[in-house]
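This report describes a single protein chain and its structural model. The sequence and the structure come before the commentary.

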Amino acid sequence: SHVAGLAAAVTDNGFGISGVSWNCRYMAVRVGGGRSITHGYEGVIYAAATGADIINLSWGSNTPSNIERITIEYANQQGALVIAAAGNREDSRNFDHYPAAYDNVMGVAAVDTSDKLAIISNFNSWVDISAPGVEILSTISNGYGVLGGTSMATPIVAGAAALLKSKH
């Protein structure tokens, strides 16, 4: 809910928040339950096969996998731009984070309220862009709430990409 609101919350309705884009079509693909992603690859394949132009991946791990790489390649071949979270640092260590670290994925780091790299954000040469990722207000299941991390920065970039796509 939080991620979806950042990209797609209804704008100009007088309450709540506004998503980054408007007048764009969105496809919600359920790939797990609660905080668990159990069918992420199947979700990417489904979205790509049904015509998604932009695929937001606010998830990942520090371990690359062939099935993940092949899934991303399939989405790219279908014409989709895949945008993924750079991941949050663990114990102040900076790791490559997949799928964001793949060459054919737009990797997103998080910046803080001063537009500086957020202390929690991974970074590396594979990061393509950054967006706000600290103290981010968005929709949650029972209203609105504040969360942070690269998973929050990613749908902001995805929403902007959708807005650009709708204009061009």
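## Model

The structure is a predicted model. Residue numbers start from 1 along the chain.

## Nonpolar cores

The largest nonpolar core has 20 residues, and those that touch the most other members are Val44, Ile55, Leu57, Ala75, Val82 and Val105. At least two residues of this core come from each of helix H2 (40-49), strand S3 (54-57), helix H3 (66-77) and strand S4 (81-85). The most is given by H2, with 3 residues. In soluble globular proteins, nonpolar side chains tend to be buried together.

Setting aside residues up to four places away in sequence, Ile55 touches Val44, Ala47, Ala48, Ala75, Ala80, Leu81, Val82 and Ile83. There is also a second, separate core of 13 residues, and Leu6, Val108, Met152 and Ala153 are among them.

## The largest pocket

The volume of the largest pocket is about 1,800 Å³. Its lining consists of 48 residues, and Val3, Ala4, Val29, Asn56 and Ser58 lie nearest the centre of the pocket. By class, the lining has 23 nonpolar, 20 polar and 5 charged residues.

Several elements each supply at least two residues of this lining: helix H1 (2-8), strand S1 (32-33), strand S2 (36-37), H2, S3, strand S7 (136-140) and helix H4 (150-167). H4 gives the most to the lining, with 7 residues.

## Aromatic pairs

There are 2 aromatic pairs in the structure. In one of them, Tyr41 and Trp59, the ring centres are 6.2 Å apart and the planes stand at 55°, so this pair is tilted. Tyr41 belongs to helix H2 and Trp59 to the loop between S3 and H3, so the pair ties together parts that are 18 residues apart in sequence. Tyr41 has 26% relative accessibility and counts as partly exposed, whereas Trp59 is buried at 18%.

The rings of Tyr98 and Tyr102 also form a tilted pair, with centres 5.0 Å apart and planes at 55°. Tyr98 and Tyr102 are both buried.

His97 is placed in the loop between S4 and strand S5 (106-111). Its relative accessibility is 9%, so His97 counts as buried, the cut-off being under 20%. Leaving out residues up to four places away in sequence, His97 touches Trp59, Gly60, Ser61, Asn62, Ala85, Ala86, Gly87, Asn122 and Trp126. One of these contacts, Trp59, is also a member of the tilted pair with Tyr41.

Ile72 lies in helix H3 and is buried, at 2% relative accessibility. Apart from residues up to four places away in sequence, Ile72 touches Leu57, Val82, Pro99, Asn104 and Val105. Ile72 and Val82 are 10 residues apart along the chain, and their C-alpha atoms are separated by 7.3 Å.

## Arg89

Arg89 is in the loop between S4 and S5. With a relative accessible area of 25%, Arg89 is partly exposed. Not counting residues up to four places away in sequence, Arg89 touches Asn94, Leu117, Ala118, Ile119, Ile120, Ser121, Asn122 and Phe123.

## Backbone details

The Tyr98 to Pro99 peptide bond is cis, with omega near 20°. Pro99 is located in the loop between S4 and S5. Tyr98 also takes part in the tilted pair with Tyr102, and Pro99 is one of the contacts of Ile72.

Positive phi values occur at two aspartates, Asp12 and Asp115. Asp12 has phi near 55° and sits in the loop between H1 and S1. Asp12 is exposed, with a relative accessible area of 78%. For Asp115, phi is about 65°, and the residue is in the loop between S5 and strand S6 (127-132). Asp115 is exposed as well, with a relative accessible area of 60%.

Terms used:
Predicted model: local features only at pLDDT ≥ 70, side-chain atom pairs only at ≥ 80, totals over all residues. Heavy atoms only, no water. Core = buried A, V, L, I, M, F, W, Y, C linked by side-chain atoms within 4.5 Å. Buried < 20%, exposed > 50% of the residue type's maximum accessible area, 1.4 Å probe, protein only. Helix = DSSP H or I, 4+ residues; strand = E, 2+ residues; numbered from the N terminus. Contact = heavy atoms within 4.5 Å. 1 Å grid on protein atoms, 1.4 Å probe; cavity = no way out; pocket = protein on both sides within 12 Å on 5 of 7 lines; lining within 4 Å. Points joined across faces, edges and corners; volume = space filled by probe spheres on them. Nonpolar A, V, L, I, M, F, W, Y, C, P; charged D, E, K, R; others polar. Phe/Tyr/Trp six-rings, centres within 6.5 Å; stacked < 30°, edge-to-face > 60°.
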